[in-house]
Amino acid sequence: MTAETHLQGVEISAAQFFEIWHHYDSDGNGFMDGKELQNFIQELQQARKKAGLDLTPEMKAFVDQYGKTTDGKIGIVELAQVLPTEENFLLFFRCQQLKSSEDFMQTWRKYDSDHSGFIDSEELKSFLKDLLQKANKQIEDSKLTEYTEIMLRMFDANNDGKLELTELARLLPVQENFLIKFQGVKMCAKEFNNAFEMYDQDGNGYIDENELDALLKDLCEKNKKELDITNLATYKKSIMALSDGGKLYRAELALILCAEEN
């Protein structure tokens with residue numbers, strides 16, 4: 001079955017959802033935008049009509065919002081709100097615990113238990129299991145394993161079998177994903193190390209909230225196209241959620257600002 005055929009379904013399975021996303025995110029950048037988004041909208045309308053199904057209220061609202069603009073952008077979360085996806089899988093994208101970047105950062109810190117900078121398949125499985133339990137949903141282990149494998153395939157952009165912070169952040173709605181902004185200002189390892197040492201003014205091996213504030217202000221000044229200084233407090237709060245009791249160590253800050261392994 002093709003992705004277009006899946007769009008005709010009354011309920012879409014987790015595997016079908018993955019196929020649809022993979023098909024329409026044709027450049028693999030983690031978003032549907034421009035021509036990709038317009039193709040999806042057109043083929044969604046055609047598929048529903050062919051199946052004798054009306055657009056759902058969610059689909060109508062989606063078409064109204066994005067159908068007449070060429071600069072729209074959606075992530076996986078927004079797609080999950082539109083398609084009639086199986087209930088348990090859909091819960092991952094409607095998670096009340098991940099409504100802000102700060103919440104997401106705290107969740108990342110919890111599940112990246114070994115502070116490796118990655119979440120492996122077992123850590124991801126624990127994460128998904130906890131999300132379902134918080135929603136009072138019980139699920140068989142085999143189904144949870146299936147969901148874990150699909151999520152890994154869906155989010156693992158570089159196919160290394162584990163998820164980086166920016167990959168898992170695609171669980172956030174596009175408007176809440178501040179990490180998208182920082183993609184354009186990441187530094188090479190040498191530049192990052194120099195910056196860390198410069199803003200770690202007391203040389204204690206970590207950056208505190210005031211030192212981070214100074215670093216972010218300078219970044220905003222130098223990168224006005226990517227970063228909005230009026231959002232400085234939000235950036236700072238989200239990044240400090242990675243800290244250890246107010247101490248933001250090099251490895252944690254590197255997740256946000258370093259483009260290479262440090």
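Me: How much of the protein is buried?
Reply: In this predicted model, buried residues make up 46% of the 262 residues.

Me: And what is the chain built from, in helices and strands?
Reply: There are 15 helices and six strands in the protein. Its radius of gyration is 20 Å, close to the 18 Å that the globule rule gives for 262 residues, so the protein is as compact as a globular protein of that length.

Me: What does the C-alpha trace span along its principal axes?
Reply: About 65 × 45 × 30 Å.

Me: OK, contacts now. Among those between residues at least 6 apart in sequence, what share joins residues at least 24 apart?
Reply: That share is 62%.

Me: Let's zoom in on helix α8. What should its span be, and what do the end C-alpha atoms give?
Reply: Helix α8 covers residues 121-134, which is 14 residues. At 1.5 Å a residue it should span 20 Å, and its end C-alpha atoms are 20 Å apart, so the two agree.

Me: Which residues of α8 are buried?
Reply: They are Glu123, Leu124, Lys125, Phe127, Leu128, Leu131 and Leu132.

Me: What do those buried residues pack against?
Reply: Quite a list! Their partners are the helices α6 (87-91), α7 (101-111), α9 (141-155) and α10 (165-168), along with the strands β3 (118-119) and β4 (163-164).

Me: Where does serine 121 sit, and what does it touch?
Reply: Serine 121 is in helix α8. Leaving aside residues up to four places away in sequence, serine 121 touches Thr148, Leu152 and Gly161. At 32% relative accessibility, it counts as partly exposed.

Me: How far is serine 121 from lysine 35?
Reply: They are 33 Å apart in space, C-alpha to C-alpha, and 86 residues apart in sequence.

Me: Switching to leucine 79. Is it buried or exposed?
Reply: Leucine 79 counts as buried, because its relative accessibility is 0%. You can find this residue in helix α5 (residues 76-82).

Me: So what touches leucine 79?
Reply: Not counting residues up to four places away in sequence, leucine 79 touches Phe17, Ile20, Trp21, Met32, Phe40 and Ile74. As for valine 185, which is 106 residues apart from leucine 79 along the chain, the two C-alpha atoms are separated by 27 Å.

Me: Now glycine 9, where is that?
Reply: Glycine 9 lies in the loop between α1 (3-6) and α2 (14-24). It touches Arg48 and Pro84, again not counting residues up to four places away in sequence.

Me: Last topic, phi. What is phi of histidine 115?
Reply: It is near 55°, a positive value in a residue other than glycine. Histidine 115 is in the loop between α7 and β3, and at 44% relative accessibility it counts as partly exposed.

Me: And what about phi of asparagine 159?
Reply: Asparagine 159 has phi near 55°, also a positive value in a residue other than glycine. Its place is in the loop between α9 and β4.

Me: Why does asparagine 159 count as exposed?
Reply: Because its relative accessibility is 66%, and exposed means over 50%.

Notes:
Residues are numbered from 1 along each chain as its sequence is written. This is a predicted model: local features need pLDDT of at least 70, side-chain atom pairs count only at pLDDT 80 or more; totals for chains, interfaces and linings use all residues. Side-chain values use heavy atoms; hydrogens and water are left out. Helices (H or I, at least four residues) and strands (E, at least two) are DSSP runs, numbered from the N terminus. The radius of gyration is taken over C-alpha atoms; the globule rule is 2.2 Å times the number of residues to the power 0.38. Buried means under 20% relative accessible area, exposed over 50%, partly exposed in between (1.4 Å probe, protein chains only). Contact means heavy atoms within 4.5 Å. The expected span of a helix is 1.5 Å times one less than its number of residues.
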